[in-house]
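Thanks for coming. I have one protein chain to go through today, and I will keep to what can be read from the atoms.

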Amino acid sequence: EATLQERISLVFPPTTNARGEVWHEFVAVIPREGKYCGQPCAVCNVVGCPMHGRIFHQKNLATHARPRGGGVRSSVFSRQHDAAYNAFVAAFSAGEASAPEVQRQIAETLPPPPPGAEEGEARARRPASSFGSSRRRSGNCPACRGKHRAHTCGKRLRRPGGSSSYRRRKPSWMGGGGEEQFDAAAEHRHKRQRHSGP
């Protein structure tokens with residue numbers, strides 16, 4: 001992990017305060033479970049960022065935060081992360097307060113999280129293998145909560161006027177389901193008479 005942290009620090013250089021304490025924007029980690037098990041990853045260490053504490057694969061770091069070191073350029077990054085990073089660095093590098101103290105000060109100024117956000121964060125930190133079953137058990141289905149998503153709770157909605165009612169109302173010229181059988185030759189004769197005129 002030390003070598004991984006060095007590689008990450010080339011793209012996202014650490015910040016130092018007046019006492020010489022070093023703070024890293026991303027903390028290197030190699031997860032032991034979940035979808036990134038055994039792969040080079042890092043945890044977002046910026047308080048105030050909506051993804052604070054989340055695990056990112058090393059290759060995805062430059063799309064979450066703006067690369068500040070040499071060699072990597074990206075115009076696609078989280079503006080919220082960037083704003084939170086700038087606020088933290090301004091407070092940390094200007095004084096002698098430690099990183100945890102500055103993080104605590106910033107956390108006190110943040111608005112309270114919306115209801116259900118803590119449950120969502122806990123779910124995001126859970127290993128990927130447990131997602132489907134836990135959603136079904138807990139009833140935490142995005143579609144049931146009004147989101148434009150597919151149901152993950154196992155619920156299936158019946159569409160009004162489904163295929164059975166369509167079959168009942170199908171006209172005779174479509175064949176099957178009407179009172180008289182569809183006759184292609186008779187239909188063709190009828191069209192010819194209508195278009196030929198007197």
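First, the ground rules. This is a predicted model, where local features need pLDDT of at least 70 and side-chain atom pairs count only at pLDDT 80 or more, while totals for chains, interfaces and linings use all residues. Residues are numbered from 1 along each chain as its sequence is written, and side-chain values use heavy atoms, with hydrogens and water left out.

The protein chain has eight helices and five strands. Helices (H or I, at least four residues) and strands (E, at least two) are DSSP runs, numbered from the N terminus. In sequence order the pattern is α-β-β-β-β-β-α-α-α-α-α-α-α. Of the 198 residues in the protein chain, 26% are buried. Buried means under 20% relative accessible area, exposed means over 50%, and partly exposed is in between, with a 1.4 Å probe and protein chains only. The accessible surface of the protein chain, by the Shrake-Rupley method with a 1.4 Å probe, is about 13,800 Å², and 52% of that belongs to carbon and sulfur atoms. Among contacts (heavy atoms within 4.5 Å) between residues at least 6 apart in sequence, 41% join residues at least 24 apart.

Which residues of α1 are buried? In α1, residues 2–11, they are Leu4, Gln5, Ile8, Ser9 and Val11. These residues sit on the same side of α1, because they cover an arc of only 155 degrees around the axis. The arc is that of the directions from the helix axis to the C-beta atoms. As a general point, an α-helix has 3.6 residues a turn, so residues three or four places apart point the same way. The face of α1 turned away from the buried side carries the exposed residues Ala2, Thr3, Glu6 and Leu10. Cover for the buried residues of α1 includes β3 (26–29), β4 (41–44) and α2 (61–64).

Next, the sheet. It is open, has three strands in the order β3-β4-β5, and the pairing is antiparallel. Two strands pair if DSSP finds at least two bridges between them. β3 and β5 (55–57) are the edge strands, each pairing on one side only. From one strand to the next, the twist averages 35 degrees. Helix α1 packs on this sheet, touching β3 and β4, and its direction makes about 145 degrees with that of β3. For such angles, axes are lines fitted to C-alpha atoms, for helices over the stretch in contact, and the angles run from 0 to 180 degrees between N-to-C directions.

How many bridges join β3 to β4? There are four. In β4, Phe26 has Cys44 as its bridge partner, Val27 has Val43, and Ala28 has Ala42.

A nonpolar core is a set of buried Ala, Val, Leu, Ile, Met, Phe, Trp, Tyr and Cys residues joined through side-chain atoms within 4.5 Å. The largest one has 23 residues, and those touching the most other members are Ile8, Phe12, Trp23, Phe26, Val46, Leu61 and Phe88. Two or more residues each come from α1, β3, β4, α3 (79–94) and α4 (99–109). The largest share, five residues, is from α3. Leaving aside neighbours within four places in sequence, Phe26 is in contact with residues including Gln5, Ile8, Phe12, Phe56, Leu61 and His81.

Last, the stretch after α3. Ser98 lies in the loop between α3 and α4, and counts as buried because its relative accessibility is 13%. Beyond its neighbours within four places in sequence, Ser98 is in contact with Asn17, Arg19, Glu21 and Phe92. In α4, the buried residues are Ala99, Val102, Gln103 and Ile106. Seen down the axis of α4, they fall within an arc of 100 degrees, so they line one face of the helix. Their cover includes β2 (22–23) and α3.
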